[in-house]
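Subject: Structure handover

Hello,

Here is the structure I said I would pass on. Please open it beside this message and follow along.

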Amino acid sequence: MRKWLTNIQWCPGCWDTLIVMALKNAFKELWIESHNRVVVSWIWCSWKASQYIDWYAAETLHWRALPFATWVKIANPDLTVVVLWWDWDWYWIWMWHFIHSCRRNLDMTYIVFNNENYALTTWQSSPTTPIWAKTKTHPDWNTIKPFNPIELAKSAWAWFVRQWDSTKFIELKEMIKEAIMYKWFSYLDVKQACPSFKKW
């Protein structure tokens, strides 16, 4: 379905905007027209990204973005398919979709917006929260070691695995371009600031 615009906005200063701008510029520089690209997301913050770019989009059921994207790619292999997600829920609850997407190795790009906390529900610890960080659920400090999604992706036979910082905009855009051009499954974990809740 065609993406639709709403008046929903991120928190002031949200660094999601840098990732979205990098993706928009990557599409422009790769000359991928809007009717040839699809972004798949779900509810919560990352799904808003599809509303700010001219492309086809699917805002899927809870935790179903990668399975949905898989069928989009199978149905039309010529489409450029990009999946957008947040770290906290994906790395916590529905990890097996990620693992098996790495194993299937279809030509899709998976970008995770990793701000290392549950921002939408106001600052709880996530699977990637540093062990010394303070959050609402760990007011003294987080006592649980952070999860390493990069090593998991590699162990699941993903070959294009990258981690980057959203502050390095030019390099991030080039990395997204490289991921899109890669003809198998590509995975980017993008570290980002969270001005509302990330205090480390």
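A charge sits over a ring if NZ of Lys or CZ of Arg is within 6 Å of the ring centre and within 35 degrees of the ring normal. Keep in mind that this is a predicted model.

Arginine 162 meets that definition: it lies over the face of phenylalanine 160, at 4.1 Å from the ring centre. Arginine 37 is placed likewise over the face of phenylalanine 27, with 4.8 Å to the ring centre.

Next, the aromatic rings. How many aromatic pairs does a search of the whole structure find? The search finds five. One of them joins tyrosine 110 and tyrosine 187, whose rings are stacked, 5.9 Å centre to centre with 25° between the planes. Tyrosine 110 belongs to strand S4 (residues 109-114) and tyrosine 187 to strand S8 (residues 186-191), so this pair ties together parts that are 77 residues apart in sequence.

Tyrosine 182, with a relative accessible area of 23%, is partly exposed.

Tyr110 and Tyr187 also belong to one aromatic cluster, which they form with Phe98 and Phe185.

Last, helix H1 (residues 16-29). Its 14 residues, at 1.5 Å a residue, should span 20 Å, and the end C-alpha atoms are 20 Å apart, so the two values agree. Which residues of H1 are buried? They are Asp16, Ile19, Val20, Ala22, Leu23, Ala26 and Phe27. These residues cover an arc of only 160° around the axis, so they lie on the same side of H1. Among the elements that cover them are strand S1 (37-41), strand S3 (80-86), S4, H6 and S8. Phe27, one of these buried residues, is the phenylalanine with arginine 37 over its face. Just after H1, tryptophan 31 takes a positive phi of about 60°.

Regards

Notes. Residues numbered from 1 in each chain as written. Predicted model: local features only at pLDDT ≥ 70, side-chain atom pairs only at ≥ 80, totals over all residues. Heavy atoms only, no water. Phe/Tyr/Trp six-rings, centres within 6.5 Å; stacked < 30°, edge-to-face > 60°. Helix = DSSP H or I, 4+ residues; strand = E, 2+ residues; numbered from the N terminus. Buried < 20%, exposed > 50% of the residue type's maximum accessible area, 1.4 Å probe, protein only. Expected span 1.5 Å × (residues − 1). Arc of directions from axis to C-beta. Contact = heavy atoms within 4.5 Å.
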